[in-house]
Amino acid sequence: GISCHEKEYRLSWALNKSLHIELAKMKDLQIELKKQSEPLSYPFFEYEDTEHYRKYYLISNKCTRGLLLPEHKQADFLLMIKGTLSNPEKLSMIKAIKDTQLVLTAFEINPEQLKSRENLLF
């Protein structure tokens, strides 16, 4: 989870610099919730690191009509990584994100403990 009051494109640019990745804007992530009549739309960025077999996704946690992960209201954005990270790599990455000038704080979210984890299946 990342707390940041900047727009998603500015955060993406800052993360690209600090993590040495290349997040690119993709079509917004559309999530259909049972409570909503129309799908919710969340800004979405993606980068594939073929060398380390990882995919990075930067997703806004907030849209005008709701939160992607309601149990983490303090997170403005989510950086999801599919692939294997060692614990030292993960801690180093969280520190690099926290040290990014635009970021207020960053923290790990365990997807196993989320009630709304199905929102992250895409």
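Reader: Lys 62 first: how does its relative accessibility count?

Author: This is a predicted model, where local features need pLDDT of at least 70, side-chain atom pairs count only at pLDDT 80 or more, and totals for chains, interfaces and linings use all residues. Residues are numbered from 1 along each chain as its sequence is written, and side-chain values use heavy atoms, with hydrogens and water left out. Buried means under 20% relative accessible area, exposed over 50%, partly exposed in between (1.4 Å probe, protein chains only). Lys 62 has 35% relative accessibility, so the residue counts as partly exposed.

Reader: Which residue does Lys 62 meet in a salt bridge?

Author: A salt bridge is a side-chain nitrogen of Lys or Arg within 4 Å of a carboxyl oxygen of Asp or Glu. Here the N to O distance is 2.9 Å. The partner of Lys 62 is Asp 76.

Reader: How many residues apart are Lys 62 and Asp 76?

Author: Strands are DSSP runs of E, at least two residues, and helices are runs of H or I, at least four, numbered from the N terminus. Lys 62 lies in strand S7 (residues 62-63). Asp 76 sits in the loop between strand S8 (66-67) and strand S9 (77-82). The pair links distant parts of the chain, 14 residues apart.

Reader: Is Asp 76 buried or exposed?

Author: Its relative accessibility is 12%. That value is under the 20% cut-off. Asp 76 therefore counts as buried.

Reader: How many salt bridges are there by this rule?

Author: Glu 6 and Arg 10 form one of them, at 3.2 Å. Glu 46 and Lys 55 form another, at 3.9 Å. The count comes to seven.

Reader: How many disulfides does the structure hold?

Author: A disulfide is a pair of cysteine sulfur atoms within 2.5 Å. The structure's count is zero. For Cys 4, the nearest cysteine sulfur is that of Cys 63, 18 Å away. Cys 4 has 2% relative accessibility and is buried, but its number of disulfides is still none.

Reader: How many helices and strands are there in the protein?

Author: From the N terminus, the elements run β-α-β-β-β-β-β-β-β-β-α-β. The count is two helices and 10 strands.

Reader: What radius of gyration does the protein have?

Author: The radius is taken over C-alpha atoms, and the globule rule is 2.2 Å times the number of residues to the power 0.38. For 122 residues, a compact globule would be near 14 Å. The protein agrees, with 14 Å.
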